[in-house]
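I opened the model to look up a few things and wrote them down as I went. The entries follow the structure below.

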Amino acid sequence: MMRRLTLPLLLIVVGAALVCFGAMRGEVSVVLTKATHICLECIGIG
């Protein structure tokens, strides 16, 4: 039972660590800016 949960838990921990690392580098604003541009292009405003 424990072996079955090891990989998913490891992937969750690694994913959370990478999200925190990106946030500490200040990449949140870059991602939000790109997402806004893509959204505006899709609806034809940007």
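**Surface patch**

I looked for a nonpolar patch on the surface and found L7, L10, L11, V14 and L18, with about 500 Å² of accessible area together. Patches take residues with over 30% relative accessible area and no salt bridge, joining like charges within 9 Å and nonpolar side chains (Val, Leu, Ile, Met, Phe, Trp, Tyr) within 5 Å. Accessible areas are Shrake-Rupley values with a 1.4 Å probe, and for residues only the protein chains shown count as cover. I placed L10 in helix α1, residues 2-24.

**Basis**

I note that this is a predicted model, where local features need pLDDT of at least 70, side-chain atom pairs count only at pLDDT 80 or more, and totals for chains, interfaces and linings use all residues. Residues are numbered from 1 along each chain as its sequence is written, and side-chain values use heavy atoms, with hydrogens and water left out.

**Chain**

I counted 2 helices and 0 strands in the protein chain; these are DSSP runs numbered from the N terminus, H or I of at least four residues for helices and E of at least two for strands. The C-alpha atoms fill a box of roughly 50 × 25 × 5 Å along the principal axes. Of the 46 residues, 2% count as buried (under 20% relative accessible area; exposed is over 50%, partly exposed in between, with a 1.4 Å probe and protein chains only). The accessible surface comes to about 4,400 Å², 75% of it from carbon and sulfur atoms.

**Helices**

After α1 comes G26, with a positive phi near 85°. E41 lies in helix α2, residues 28-43, and is exposed at 55% relative accessible area. I read 29 Å between the C-alpha atoms of E41 and F21, which are 20 residues apart in sequence.

**Salt bridge**

I found 1 salt bridge, meaning a Lys or Arg side-chain nitrogen within 4 Å of an Asp or Glu carboxyl oxygen. E27 pairs with R25, the closest N and O atoms being 3.0 Å apart. R25 is exposed at 56%, while E27 is partly exposed at 33%.

**Cysteines**

I found 0 disulfides, a disulfide being two cysteine sulfur atoms within 2.5 Å. For C42, the nearest cysteine sulfur is that of C39, 6.4 Å away. C42 is exposed at 65% relative accessible area, and C20 is partly exposed at 46%.
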